[in-house]
Amino acid sequence: MKPEEFPGELDVALERPEWETLGLEGLAAAAFGAALLRLGVTGEVEVSVLATGDAEVAELNGAHRGKPSPTNVLSWPAQELAPEDEGAMPFDPEPDPDGMTPLGDIALAWETCAAEAEAAGISASDHVTHLLTHGFLHLLGFDHETDADAGLMEGLEAEILGQLGLADPYGRQAP
């Protein structure tokens, strides 16, 4: 499998016209395909992406996390894959009886993503690719609640983005 090939169902809903300029479905397929390849996840997976704005994400963030403010990316995993030990790899996702592995949903907020990209001096597509990768890793059970977990997740993000020809978003130099 090549990174840009997405094995399964990818549902991308564009609620804001600004998202149309990025080719979001292609960015998601590349990011998710590279992540699956790097992690050795095989079989067909199912993911939904909602590309919307700050107001909608603030509403979702308030309803699901008790934080009624916009954020760049939100994720809702379909399966509980988090490991018991800090810094450990998550459990492998399980397919449904039909062979499809549901991973979950991701939402992105246009204004926040665009402002962060501008502040960082990078293209919106590069920043959104990072956020898609970050959100997808959450669907696979990764988090950044502890230093050990954050180190693992950030290292994987950097590797995956590197496979796509993008710089380490955390500014570390390659070894």
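## The nonpolar core

The largest nonpolar core has 37 residues, and those with the most contacts inside it are Phe32, Val47, Val49, Leu108, Leu132 and Phe136. Such a core is a set of buried Ala, Val, Leu, Ile, Met, Phe, Trp, Tyr and Cys residues joined through side-chain atoms within 4.5 Å. Buried means under 20% relative accessible area (1.4 Å probe, protein chains only). Elements giving two or more residues to this core include helix H1 (24-39), strand S2 (45-52) and H4. H1 gives the most, with 10 residues.

This is a predicted model: local features need pLDDT of at least 70, side-chain atom pairs count only at pLDDT 80 or more, and totals for chains, interfaces and linings use all residues. Residues are numbered from 1 along each chain as its sequence is written, and side-chain values use heavy atoms, leaving out hydrogens and water.

## The sheet

Four strands form an open sheet in the order S1-S2-S4-S3, with mixed pairing. Strands (E, at least two residues) and helices (H or I, at least four) are DSSP runs, numbered from the N terminus. Two strands pair if DSSP finds at least two bridges between them. S1 and strand S3 (73-77) stand at the edges with a single partner strand each, so one side of each is left without a neighbour in the sheet.

S2 and S4 run parallel, joined by 8 bridges. Thr52 stands opposite Ala109 in S4.

## Thr133

Thr133 sits in helix H4 (residues 124-139). Thr133 is buried, with a relative accessible area of 0%. Leaving aside neighbours within four places in sequence, Thr133 is in contact (heavy atoms within 4.5 Å) with Ala31, Glu157, Ile160 and Leu161.

Terms used:
Buried means under 20% relative accessible area, exposed over 50%, partly exposed in between (1.4 Å probe, protein chains only).
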